[in-house]
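Work through the exercises below with the sequence and the model in view. Try each task before reading its solution.

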Amino acid sequence: MCGRYAVFLPAEAIAKLFGTVNPLVNVAPSWNIAPTQQAMVVRRHPDTSDRHLDLLKWGLLPSFTKEPAKAKRPINCRSETVSTSGMFRSAFAKRRCIVPADAFYEWKAVDGAKQPYAIARQDGQPMAFAGLWEGYKWPDGTITRTFTIITANAKPTVAELHDRMPVILEQKDWPVWLGEVEGVPVELLRPTGENVLRIWPVSRSVNSPRNNGPELLESIG
């Protein structure tokens, strides 16, 4: 799964990398993004089809939800069922997005305690998680936009920490995933190759979302 991640590149750099055209969002760097928080998401604007970089809340709230106050808001969804599940299939067909991330965290039981590890690309580039987004309209007309991250079976290196990992899209696949060109999006939902990522142990301070700073990504190995 993916339950915590970091985005410390400024919005200007993210916008340039992904070619978004809307005004820059005002967001501080975060080394410990947690569910229910807002984070940057790249999506095709439903009216103009331009790429936008927007702030959405992590935890999907589908537009058809009947009781939003009681609804589960999944932070992850499974690649194997995302195109057929009643919860996700509409968003998969029409509202796919990319979630930029500089690193994400997973935990492993070590000596009776959970040891966190950071995971990032070996080439130092940001990761592009495959995601879905939704807009929920409240009775007063307010719209809450939310997102979820798609996961796949982890490759052996990451599987030592967790059996699931985010689907990481390569740049050449972004246009298909966003629906800008013809293609088969479901075929992009595969785990990242063994030689793409690096993993290192980090401080248990990351366990609390109250802690947030670059020191969270420092290796303790």
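**Exercise 1: a tryptophan and its core**

Task: List the residues that Trp-177 touches, not counting residues up to four places away in sequence.

Solution. Trp-177 touches Phe-92, Arg-96, Cys-97, Ile-98, Ala-130, Gly-131, Leu-132, Ile-150, Leu-169, Pro-185, Leu-188 and Leu-189. Contact here means heavy atoms within 4.5 Å.

The model is predicted: local features need pLDDT of at least 70 and side-chain atom pairs pLDDT 80 or more, while totals for chains, interfaces and linings use all residues. Residues are numbered from 1 along each chain as its sequence is written, and side-chain values use heavy atoms, with hydrogens and water left out.

Task: Find which members of the largest nonpolar core touch the most other members.

Solution. Start with the term: a nonpolar core is a set of buried Ala, Val, Leu, Ile, Met, Phe, Trp, Tyr and Cys residues joined through side-chain atoms within 4.5 Å. Buried means under 20% relative accessible area, exposed over 50%, and partly exposed in between (1.4 Å probe, protein chains only). The largest core has 54 residues, and Tyr-5, Phe-129, Phe-147 and Trp-177 touch the most other members. Strand β9 (residues 127-137) gives the largest share of this core, six residues. Helices (H or I, at least four residues) and strands (E, at least two) are DSSP runs, numbered from the N terminus. A second, separate core has twelve residues, among them Trp-31, Ala-103, Trp-107 and Ala-120.

**Exercise 2: salt bridges**

Task: State how many salt bridges the structure holds, and say which parts the pair Arg-43 and Asp-54 ties together.

Solution. The structure holds ten salt bridges (a side-chain nitrogen of Lys or Arg within 4 Å of a carboxyl oxygen of Asp or Glu). One of them joins Arg-43 and Asp-54, at 2.8 Å from N to O. Arg-43 is in strand β3 (residues 38-44) and Asp-54 in strand β4 (residues 51-58), so the pair ties together parts eleven residues apart in sequence. Arg-43 is buried at 5% relative accessible area, and Asp-54 is buried at 13%.

Task: Is Glu-80, the partner of Arg-164, buried or partly exposed?

Solution. The closest N and O atoms of Arg-164 and Glu-80 are 2.9 Å apart. Arg-164 lies in strand β11 (residues 164-166) and Glu-80 in the loop between β5 (76-78) and α2 (89-94), so the bridge ties together parts 84 residues apart in sequence. Glu-80 is partly exposed at 41% relative accessibility, whereas Arg-164 is buried at 5%. Arg-78, Glu-80 and Arg-164 are linked in a network of salt bridges.
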